[in-house]
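Here are some notes for you to read alongside the model. Please keep the sequence and the 3D view open while going through the points.

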Amino acid sequence: VSTADRPLAGLRFVLVGPGRVGESLASWALACGAHCLQVAGRSASGRTAEVARRLGAAAVATADCAASDADLALLAVPDAALPAVARQLAGRVRGVALHAAGALGAAVLEPLRSPACAVGTFHPLAAFPAPRTGLAAARGIFFALDGDPEARALGRRLAAAFGGEAAVVPEEIRDLYHLAASLAAGGVATVLASALDLARRAGVPEAARAGCGALARGALAAALAAAEPATAITGPAVRGDLETVERQLAALAGTAPDLRPLVIALARAALDRRAQLAPASPAQRALAERLARPDLLDRPRKRVLTSGLPD
Ligand SMILES: NC(=O)c1ccc[n+]([C@@H]2O[C@H](COP(=O)([O-])OP(=O)(O)OC[C@H]3O[C@@H](n4cnc5c(N)ncnc54)[C@H](OP(=O)(O)O)[C@@H]3O)[C@@H](O)[C@H]2O)c1
């Protein structure tokens, strides 16, 4: 086996928090030649023991974790447990300590920080509904780094070994980094769930579901391939098609009025995105003005559905 296949050979680490992320990161490190000395959990038994066995390491309770002969302590406990775990491990970790939380910077590990221990973050920008073991699952993941230079350097080394990307995401922008990631994942899934719910409530045949999925995949692929993702936004809103948007909103009022705020917000956001790329056309401006009028949410049926009829 060549050195290129074992880029982390010689690296000794302890894993604190043998959950979905912890087991995944540790298994990737092992696949790259690192050696796991200990797996620490709230207790040494149960899942901690199982993961330790799979990683060829000793199982310990965090209170008994002795990480002083390791080069790295990988902390993958729930965000809320990090301050207490950092205090618990203070003075017992040498080398580098990295945590995997996206929303937090390196400061939460301050109790571990010493001349002998650099602290930082190593946040995988990926979803782990279950452990993703096997190095193939790591390819292409972005890792958010923060903290001391030695910690960032080790984070870069790990990411490169895993076939991922890494860059510093400093503490002060972590909340918005996390929000951007949530919009890209949960936000997109929320819009898709709303679209499919609307189709179901409107009585669109179930057979159209796969077609909606294909449209969604196509739009996502086009947005990701474009230098400016907003150029891939399609639909009546970006065309400035006021008549169609009003008809759709009126129809929505009868079937799914709860979706109107989302639909209006998305139409406005679509126009805003486009306006950042090119000056709005008169039709787009007219639609933006109509969407900004407060009566849009209050009296949705008047203009189209009931026109000419008594209320
Ligand atoms: N899941 C994701 O998609 C994802 C993605 C990126 C980053 N992250 C981050 O990764 C970190 C871990 O998340 P996760 O999803 O892997 O959580 P998880 O599956 O719930 O695993 C957390 C692990 O930490 C253990 N633990 C709790 N308190 C501990 C303590 N005091 N000492 C040692 N171990 C302790 C838990 O044990 P018990 O089961 O006994 O409680 C569990 O094994 C979090 O910072 C999270 O924000 C998660």
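1. Leu74 and Leu98 stand opposite each other, the latter in strand 5. Please bear in mind that this is a predicted model.

2. Strand 4 (residues 72–75) and strand 5 run parallel and are joined by four bridges. With helix 3 (residues 82–89), strands 4 and 5 make a β-α-β unit, which is right-handed.

3. Strand 5 also pairs with strand 6 (residues 117–124), again in the parallel sense, over five bridges. Here Ala97 is the residue opposite Val119 of strand 6.

4. Is strand 5 enclosed or open? Strand 5 covers residues 95–99, and four of these five residues are buried, so the rest of the structure largely encloses the strand.

5. His99 lies in strand 5. Its relative accessibility is 1%, so His99 counts as buried, the cut-off for buried being under 20%. Which residues does His99 touch, apart from neighbours within four places in sequence? Its contacts include Leu75, Leu82, Leu104 and Gly105, and also Gly120, Thr121, Phe122 and His123.

6. Now to the surface. Leu176, in helix 5 (residues 174–202), has a relative accessible area of 59% and is therefore exposed, as the cut-off for exposed is over 50%. Together with Leu179 and Leu183, Leu176 forms a nonpolar surface patch with about 320 Å² of accessible area.

Technical notes:
Residues numbered from 1 in each chain as written. Predicted model: local features only at pLDDT ≥ 70, side-chain atom pairs only at ≥ 80, totals over all residues. Heavy atoms only, no water. Patch = residues over 30% accessible without salt bridge, like charges linked within 9 Å, V, L, I, M, F, W, Y side chains within 5 Å. Areas by Shrake-Rupley, 256 points an atom, 1.4 Å probe, with all protein chains shown as cover. Salt bridge = Lys/Arg side-chain N within 4 Å of Asp/Glu carboxyl O. Helix = DSSP H or I, 4+ residues; strand = E, 2+ residues; numbered from the N terminus. Buried < 20%, exposed > 50% of the residue type's maximum accessible area, 1.4 Å probe, protein only. Pairing = 2+ DSSP bridges. Right-handed = clockwise from strand over helix to strand, strands pointing away. Contact = heavy atoms within 4.5 Å.
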